[in-house]
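Biologist: I'd like to go through this model with you and ask what stands behind each label. Could you set the values beside the definitions as we go?

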Amino acid sequence: MELLSVFAHCSNTSVQFRSSLLITLTSVLICTCCVSSKTYIYMECLNLLIQILQDTSDLHHDNFLLRATACECLQELEMCYPTLLSHILEFIGGLWAREISRLHQPYARLHIAVLKNCVYLLALDPGLGDDMKVLLGENTFVNWEADRGSVQIDKDSAILSSFLKAHLVTVPILQTGRDCKDLRSVLSTTLENSFLLTPLCQAAVLQQLMEVVAMVPAVPPSIFRGQLLRMLGSGKVCLLHSTLQMKCAYTDSLFTTDDEVLMLRRLVVLAQHPLLSTPENLFFMDYILHFPENRPINFENGNESSPVLLTTQLAFTLVPTVLNDYATMLARFNLLFLVYQEEGEKEGDDGKGILFLYEHISLLFDIVVKGQTRELVATFFRVVFLFLIYFCHLKVYSNNIADKLCMLYCQKSHLAPQILNLADQASDMFPECNWASGLCRALQDIITVVPPAHFTLADLIWHLKVLTRVAEEEDIPQMSTLRLLSNIVIMPPLSISTDWRLGNIVLGLCRRLMTHPNLYMLFMSLTNILQHLIFCYGDADIQDHARLYYSVLISLSKEKMAEILTRNLIDDDQNAKHSSCIMADTERLTSMLTIHRTEKTVLKLVEVKYSESQTMNKRSLESYKYPTEEQDLPELEAYKAQFKNSFFGSHITLYYQVNQSMCNLSCFNEVFSIHLQFTSQDNNYDKLSDINVPCLFREKAFPVVKLGLKPKLPFPTTLRCSAIFSALNGLTLYTILPDILVFFRQTFQPLAVPTTWRPNAKLHIFEGLWQEIIEEQADNCSTLFCRQLQTGEWVSLVEKHLFPFFVSGSTNESVLKLIFFISPKFHILLKIISEEDAVHFNIATDKCQLLPCFTSFLCNLLTNLPENQ
């Protein structure tokens, strides 16, 4: 009612404000039960929207925005409460027919939405009869006024609200028994006038009309026939999308074969049109891959496939060039691969199309070899992967591609991760071709024939990683790899090497060779290599791991060794009993050296009581040594002189108890070497230092830690906390603690005044700061906050919650003065004065940004919220 009153008294010239009020009224109606309960407020709001909708007295811009807003509000109500406006359907249609401004578009959307919901209502309730006059005739605005209390809200409105997402075959059917001449007339008129709408509005209207036609079998899909040529000739994505939606829904009942060919040719043209942007070209390319055919031959749940009518001659225009951007190039390759996929099996083609595509890949390979951008390299590998997906069975091309990849690796060994990833993906998707194994064998050959002296350190690292992947192939002999590895290990640069990374790569290759099926042929050479690493390598960690591998190699059978080395996770206790003593010690050592993450929260930080924390902060400030050379200054100037020291008052110390959470596992009864790490969610505070806690025992008192915050702006914040600690079982664990909320009231500190000053020094400083804040206008501000309180209530409030900040002589005075020091150098001054009508809280601060936070704190305090809010 208050919003309606504001709207009634608002000036007609305040169009923007009145429009915002209409949106607010509509939001309130939707979010409350006013519509479903048909309250008086709902009737008044709906009458107001209808009156604005038909008010055409002002043809200029003053009333235009208000009517457009009212139309959108009614449409939103109709979407949330289907059939709400069904009694004024003809009235809305009349407004649309008479409208000559740009408003005919929102009028059209509103009219079609109401019409669709009305048809849906008639389809759900056969008792309404088959007379379409109930739907389209004799329901003027006057009749709606008389029958507005009889508006029915369909119980299935949730189904109708999601109607756009439903498939057309699931909609209810309107069994009319008549020709539905009135409905067809309305639909025909709407379609004829649709060319006046913007493309987006046309698409929305056509979507609604398709749903209406789907519910009324008496209206054939051919009603859209007259609009197809105009829509196909458009370059707007939304209109072509609507056309393809019609084709998907009606297929050959609306589109002939000639129409299908025309549409496909149109998509091919638009996919390469130079005046369209790259995203639009790619969009039409995707349409071709998901083209809704009248008679699809290979339809697999909407997967990408080339249309039957897309011939090689038509697709030839989409051949990629080096001038295309990378996304367009990849999309065109993908489409052409689909088109030419079965060309090699066709009579008379001789695979010329596939050869043509392979030549394009060869050209792309030459560009990559000469050195190009990272995006082009990624595009090349993606194109190769697509080519292998479709034509890996053609040995001539797949083997040539493997040869080119080997040539590329010889010149650019840093592309080894991309080549190995391509081999892994090919092995997973089409293992029957053995293409990945052939590529690995070829890479092994070109690496092992080069003398180790010709390797640079970077090339050596990549060669060893490639050979590690080659060792995974069981059918590839590894003698050449082992000879190369032996030559690398015993050559002087590596024998005295201390490179930990290189040593780990060598050990990784040794580990992979230890799991090879032909290990008996590699045994002697592998043991010699491990012994050389044990005695000659310059890194102690590499020596220890080599010693472990050597012990496993000579102590365990091939089966046990393969099982242990290929296992990623530590076995449970039952399986560990069957392992050898050496491996059990190894697993225990590995587990102890690994940081494990806990499934549940083990620790938490509990804030020390607010009053205790304030007392500790007060003592910390009072312990500050006042500079002796400035003791003769006036009190206010002497107080400000303290800030010459950059460390004075710049920190806030919060106190928390390190407590154990609800996790009752015995291994967490005692934890040691707790390392707490903190991160802030904003930039209002400096980086926080880590905190170390020696131990925590469940049965003893919990330790208290000091968390030092250095604020830039002392706003409320959230701190993320994590901890690393050791448990009784010897494991190092990582756990995430609950977030710590730092409230604004935790930044309050008493005034920093040395204890040697006279008792009323704080009061003099208060008066001086108050006067400066009132007079100066830089970043200072003041405000007044009033609240009705009894005398005893506000005095008790000060004594209980705000006494550390009290600077007056006694709480019995008529004016109470309080001062809050906010780190790093801000102040909030508060005067509490009891007047006849209310208690006045006069607030002044030298940092305006702090005023909303303090006002919120004061409101919470006065409304008796819990202390931790």
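**Strands, helices and rings**

Modeller: Gladly! Strand E4 and strand E7 (residues 717–726) are antiparallel partners, joined by seven bridges. One of these bridges pairs His 675 with Ile 724 in E7. This is a predicted model, so local features need pLDDT of at least 70 and side-chain atom pairs count only at pLDDT 80 or more, while totals for chains, interfaces and linings use all residues. Residues are numbered from 1 along each chain as its sequence is written, and side-chain values use heavy atoms, with hydrogens and water left out.

Biologist: What makes E4 and E7 a pair?

Modeller: Two strands pair if DSSP finds at least two bridges between them, and E4 and E7 have seven. The names come from DSSP runs numbered from the N terminus: helices are H or I with at least four residues, strands are E with at least two. Strand E4 (residues 670–680) also pairs with strand E5 (residues 691–697), antiparallel and with six bridges. There, Glu 670 has Phe 697 as its bridge partner.

Biologist: Why do E9 and E10 count as edge strands?

Modeller: They belong to an open sheet of five strands, in the order E9-E11-E12-E13-E10 with antiparallel pairing. Strand E9 (748–749) and strand E10 (781–787) each have a single partner strand, so one side of each lacks a neighbour in the sheet. E9 pairs with strand E11 (residues 815–822) over two bridges, and Phe 748 has Ile 822 in E11 as its bridge partner.

Biologist: Which strands does helix H35 touch?

Modeller: Helix H35 (residues 761–775) packs on the sheet against E10, E11, strand E12 (826–834) and strand E13 (839–845). Touching, or contact, means heavy atoms within 4.5 Å. The direction of H35 makes about 100° with that of E12. Helix H37 (residues 851–862) touches E9, E10, E11, E12 and E13, and its direction makes about 15° with that of E10.

Biologist: Why are H22 and H23 called roughly antiparallel?

Modeller: The axes of helix H22 (residues 416–429) and helix H23 (residues 435–448) cross at roughly 150° and come within 8 Å. Axes are lines fitted to C-alpha atoms, for helices over the stretch in contact, and angles run from 0 to 180 degrees between N-to-C directions. Angles under 35 degrees count as roughly parallel, over 145 as roughly antiparallel, 65 to 115 as roughly perpendicular and the rest as oblique. H22 and H23 are therefore roughly antiparallel.

Biologist: And what makes H19 roughly parallel to H21?

Modeller: Helix H19 (residues 352–369) and helix H21 (residues 395–411) have axes that come within 11 Å and cross at roughly 5°. By the cut-offs above, that makes H19 roughly parallel to H21.

Biologist: How many nonpolar residues are in the contact of H22 with H23?

Modeller: Eight are nonpolar, one is polar and none is charged. Ala, Val, Leu, Ile, Met, Phe, Trp, Tyr, Cys and Pro count as nonpolar, Asp, Glu, Lys and Arg as charged, and the others, Gly among them, as polar. The residues of H22 in this contact include Leu 422 and Ser 427, and those of H23 include Trp 435 and Leu 443.

Biologist: Why is the pair of Phe 766 and Trp 770 called stacked?

Modeller: Rings of Phe, Tyr and Trp (its six-membered ring) pair if their centres lie within 6.5 Å; planes under 30 degrees apart count as stacked, over 60 as edge-to-face and the rest as tilted. The centres of Phe 766 and Trp 770 are 5.8 Å apart and their planes stand at 25°, so the pair is stacked. Four residues apart in helix H35, they are separated by about one helical turn.
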